[in-house]
Structures are given as structure tokens and as C-alpha cells.
Amino acid sequence: MEEGVSIYLVSDSNVDTAENIASIAAAHFDTFIEKIKKYSYVGDKNQIEEIIMEAANDANSIIIHTMVVPELKDYLLKKAQKFGIKIVDVMGPVINAIEDSTGISPHTNLAKNNREDYLKKIEVIEFAVKYDDGKDAMGILLADVVVIGVSRTSKTPLCMYLAHKYIKAANLPLVPEIEPPQELFEINPKKIFGLTIDPEVLVKIRKERLKSLGLDANAIYATEERVKKEIKYAEEVMKRLGCTVIDVTNKAVEETANVILNVLKGGEIS
């Protein structure tokens, strides 16, 4: 049996470039990739040490990297050579060629900016997960945006989409039998966005949801009477708050998000 290759993809930004090149190159050989390990946003020598030690334990390993920060790039190269690990610099030749042709040195802070960007995005995504569905009222006070509405108005996917736009979004379901937390009435109503929807459309959405879960589609949760009661209650709460109300009937999550982003910038609902 042929010996497989273990590929280690290393970058001080995203490993996508290294991964694409590795995949294309591997396709030209009648061998198999035993494993592929990805290390994005490598920012210190300790991380490099850990990667090298793991690669050194593989009999047939290759490091393919797109490191740009000179100090880390040199450290990775020296450590790989010390342990006899094959290493390929994907970005180096291209960057060197451009530098030689233009006489301009590359920006060494690019990886740092990418890493900070990545960490910020992770932070807001984790925020959306932590404060999803009214799990903790503290999220209402900490959020950039608070999304409220009845069940199945796409509050969660909307908050996740906003998180990818670097907005800390929390969401809260409105249910007639449960009084909204006091925190909701303590924040600036401009941060609150209420989602409403056509009752008939919501009935269909809820019935489909129940069917997908193997439950009775005729349950009270999906009846027209219940849906109308919930929507009426939710709209009353939104009126009390004086928040922006968005009709999400037949709107994609991206469209709703764009409305919110536009309002946050001082625009109006279109």
C-alpha cells in the first residue's frame, strides 16, 4: 500500500489559498492524502512550535504555508528544516516578484488586520448564539441591535447574518403569556427592531415546521386563531416600545438585514 501524505496548511491569515493550491497539486498524483490539518491566523511562535511538533510525528508530512509576517515566516522555515519537514512557501515567490518589480515592500500588518477582523467576527457570532431566543436578558442591554417577534419570523438567522456584518444582535420571542423582560423597556428603542408577518403566511410556515419535526400540523401552535393572537400581542408590545417594525412577509433574511443596516445608518424603511 502506498504511503499517504499528511498536509499541514499554515497561514497568518486565512488558509484558503494554501488549501486550493494543495488540492490542485494533489490531484496530479496517484496517491492519497492521509490527513489535512488547517491552521489559520497563526500569530505567535508557540503556535508554530505546536504545528511543527505534530508534523514531525508524521512520517510523510508537508507544510504548505502562506505566512507573510517575516519573523514568523522565518521561524516556521527554520523549525521545519530542523526536523526535516518538507515546506512550501506559496506566497513568497509572488510577493518577492512584485517587490522586485515595483521596489515597494509588502504590508506586514495585513495578517494582523485579518486576524483582528477574524477575532471580532467570532466575538459577535458567539454573542448572537449566547443571547439567542431570550436566553439571557443581559444580552438586551449589551446588544447593538435587539430583534423581537413571534416564533418563526427568522429572528435567529437574522441575528447570525447581522453578526457577519459585525453587529452584536440579540433576539427575543414575544409570547402573549409571558411579559417581556424589563430590560427591553430600558434601552433606546432605536436599537429594537420588531418583526411582523402576514398571519396566513405564518400559519403555513408553522405547519411545515411541525411536519418537519414529525408533529401534528394541526396543533394549536399553527392554528390561525393562535397566530393572529400572537401577532396582535407582538404588535402591541412594539407600539409600546416605539421601535422600528419590519414586515418580513416574503422577505429574505438578507433583505430584512439590509433594512436594519439602512436604519442604523440613519435611513428609513423602504
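Mentor: Axes here are lines fitted to C-alpha atoms, for helices over the stretch in contact, and angles run from 0 to 180 degrees between N-to-C directions. This is a predicted model, so local features need pLDDT of at least 70 and side-chain atom pairs count only at pLDDT 80 or more, while totals for chains, interfaces and linings use all residues. Residues are numbered from 1 along each chain as its sequence is written, and side-chain values use heavy atoms, with hydrogens and water left out.

Start with the helix pair α8 (residues 199-212) and α9 (residues 224-241), whose axes come within 9 Å and cross at roughly 120°. Helices (H or I, at least four residues) and strands (E, at least two) are DSSP runs, numbered from the N terminus. α8 is therefore oblique to α9; angles under 35 degrees count as roughly parallel, over 145 as roughly antiparallel, 65 to 115 as roughly perpendicular, and the rest as oblique. On the α8 side, the contact is made by Pro 199, Leu 202, Val 203 and Arg 206. The α9 side supplies Glu 224, Val 227, Lys 228, Glu 230 and Ile 231. Contact means heavy atoms within 4.5 Å. The crossing of α8 and α9 is right-handed; a crossing has that hand if the near helix is turned clockwise from the far one by less than a right angle, and is left-handed if anticlockwise.

Val 150 connects this pair to the annotated loop. Setting aside residues up to four places away in sequence, Val 150 touches Leu 202, Arg 206, Glu 230 and Ile 231, and also Lys 155, Leu 174, Leu 195 and Ala 234. Val 150 sits in the loop between β5 (145-149) and α7 (155-163). Its relative accessibility is 2%, so Val 150 counts as buried; buried means under 20% relative accessible area, exposed over 50%, and partly exposed in between (1.4 Å probe, protein chains only).

The unreviewed UniProt entry gives a "binding site" annotation to Gly 149, Val 150, Ser 151, Arg 152, Thr 153, Ser 154, Lys 155 and Thr 156. From this set, Val 150 is taken in by the lining of the second largest cavity. UniProt positions are in the numbering used here, feature names are shortened, and annotations may be inferred rather than shown by experiment. A cavity is a set of points, on a 1 Å grid over the protein atoms alone, where a 1.4 Å probe fits but cannot get out; lining residues have an atom within 4 Å of a point.

Two other members of the annotated set deserve a look. Arg 152 lies in the loop between β5 and α7, and its phi is near 75°, a positive value in a residue other than glycine. With 35% relative accessibility, Arg 152 counts as partly exposed. Ser 154 is in the loop between β5 and α7 and, at 36% relative accessibility, counts as partly exposed.

For reference elsewhere in the chain, the axes of α2 (residues 45-56) and α3 (residues 70-82) come within 10 Å and cross at roughly 25°. That angle makes α2 roughly parallel to α3. The crossing of α2 and α3 is right-handed. Another positive phi, near 60°, is that of Asp 133, in the loop between α5 (110-130) and α6 (138-142).

Conventions
On a 1 Å grid over the protein atoms alone, a cavity is a set of points where a 1.4 Å probe fits but cannot get out, and a pocket is an open set with protein on both sides within 12 Å along at least five of seven lines; lining residues have an atom within 4 Å of a point.
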